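Welcome, and thanks for taking a look at this one with me.

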Amino acid sequence: MDQQPQTNGTQASNNMAPMVSHGGHELFDAHEVIASTISVLDQYQMYEQHIQDAELKKILTNQTEFLTQLYNIMVECLQTGQKPSQSTHIYNMSQNNDVVYGMKPGQPKKPNQSVNDLTDQGLSAYMLGQTKGLAGLMSMTALEMTNPVIRRVVGDSVPNLIEMSYEIFLYQNKRGYYQVPQLAAQDLTQMTNSYAQTPDQRIN
């Protein structure tokens, strides 16, 4: 009589239906990522009605469309455990890469007293905080995924969230909302030349 190998309650992934080939920890993380994506999309809907600047509104629209598509892909991968019916895409921002360096004096910031105090400066800051937060969450979560499909979708989304964050930063920077201080030229040179390259250590 043939004896079946003992598995001690474990199952190999190739014996599992694709839709259940997820670890428990992974499922909790996937739910957190998907719920956080919903949160960004919901918040963006609220911001949209208060944004005054057409350029910022366009950024919000583009990011909303991209995140909605990503949300649908993640939900499909979670439910099927298989390659999604549409591939993930690369987010292309609308800003150029020119950064304005230096500090200019401005009014001190303080909390708003009412919703009527909302400005494009504040709204773009909220957007930046959310895209940065989602990028960090996805980076951490991708390291915990066991299903290769959902892991790849979440991992591949990190550069897109970084790009979205950078797009909002550039929008803020050119309007003076997000100022970038620089070191004195001597200190900058010393810091950038603090390291020397080393010969490659090739492994044969």
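## Overall fold

Helices (H or I, at least four residues) and strands (E, at least two) are taken as DSSP runs, numbered from the N terminus. Read that way along the sequence, the protein chain follows the pattern α-α-α-α-α, with five helices and zero strands. Please keep in mind that this is a predicted model, where local features need pLDDT of at least 70, side-chain atom pairs count only at pLDDT 80 or more, and totals for chains, interfaces and linings use all residues. Residues are numbered from 1 along each chain as its sequence is written, and side-chain values use heavy atoms, with hydrogens and water left out.

How much of the chain counts as buried? Buried here means under 20% relative accessible area, exposed over 50%, and partly exposed in between (1.4 Å probe, protein chains only). Of the 204 residues of the protein chain, 31% are buried. The chain exposes about 13900 Å², and 52% of that is supplied by carbon and sulfur atoms; accessible areas come from the Shrake-Rupley method with a 1.4 Å probe, and for residues only the protein chains shown count as cover. A contact means heavy atoms within 4.5 Å. Among contacts between residues at least 6 apart in sequence, 82% join residues at least 24 apart.

## Pocket and cavity

The search for open space runs on a 1 Å grid over the protein atoms alone: a cavity is a set of points where a 1.4 Å probe fits but cannot get out, while a pocket is an open set with protein on both sides within 12 Å along at least five of seven lines, and lining residues have an atom within 4 Å of a point. Grid points are joined across faces, edges and corners, and a volume is the space filled by probe spheres set on the points. The largest pocket holds about 530 Å³ of space. Its lining has 22 residues, of which Gln-107, Pro-108, Lys-109, Lys-110 and Gln-121 lie nearest the pocket centre. Helix α3 (residues 120-142) gives the largest share of this lining, four residues. By type, the lining of the largest pocket divides into eight nonpolar, ten polar and four charged residues, where Ala, Val, Leu, Ile, Met, Phe, Trp, Tyr, Cys and Pro count as nonpolar, Asp, Glu, Lys and Arg as charged, and the others, Gly among them, as polar.

Searching the whole structure also finds one cavity of 30 Å³ or more. About 60 Å³ of space lies in the largest cavity, and the elements giving two or more residues to its lining are α2 (54-80) and α4. Helix α2 gives the most, with four residues. The lining residues are Phe-66, Gln-69, Leu-70, Ile-73, Thr-88, His-89, Asp-156, Ser-157 and Asn-160, which divide into three nonpolar, five polar and one charged.

## Aromatic pairs

A pair of aromatic rings is described by the distance of the centres and the angle of the planes. Rings of Phe, Tyr and Trp (its six-membered ring) pair if their centres lie within 6.5 Å; planes under 30 degrees apart count as stacked, over 60 as edge-to-face and the rest as tilted. The whole structure has six aromatic pairs. In one of them, the rings of Tyr-44 and Tyr-47 have centres 6.1 Å apart and planes at 45°, so the pair is tilted. These two tyrosines are three residues apart in helix α1 (residues 24-48), and are therefore separated by about one helical turn. Tyr-44 is buried, at 1% relative accessible area, and Tyr-47 is buried at 9%.

The rings of Tyr-166 and Phe-169 have centres 5.7 Å apart and planes at 25°, so this pair is stacked. Tyr-166 and Phe-169 are three residues apart in helix α4, which puts about one helical turn between them. Tyr-166 is partly exposed at 30% relative accessibility, whereas Phe-169 is buried at 12%. Ring pairs also link Tyr-44, Tyr-47 and Tyr-126 into a cluster.

Gln-63 lies in helix α2. Is Gln-63 buried or exposed? Gln-63 is buried, because its relative accessible area is 0%. Leaving out residues up to four places away in sequence, Gln-63 touches Tyr-44, Tyr-91, Met-127, Thr-131, Met-164, Glu-167 and Ile-168.

Asn-173 is found in helix α4 (residues 148-174). With 4% relative accessibility, Asn-173 counts as buried. Beyond its neighbours within four places in sequence, Asn-173 is in contact with Asp-98, Val-99, Val-100, Tyr-178 and Val-180.
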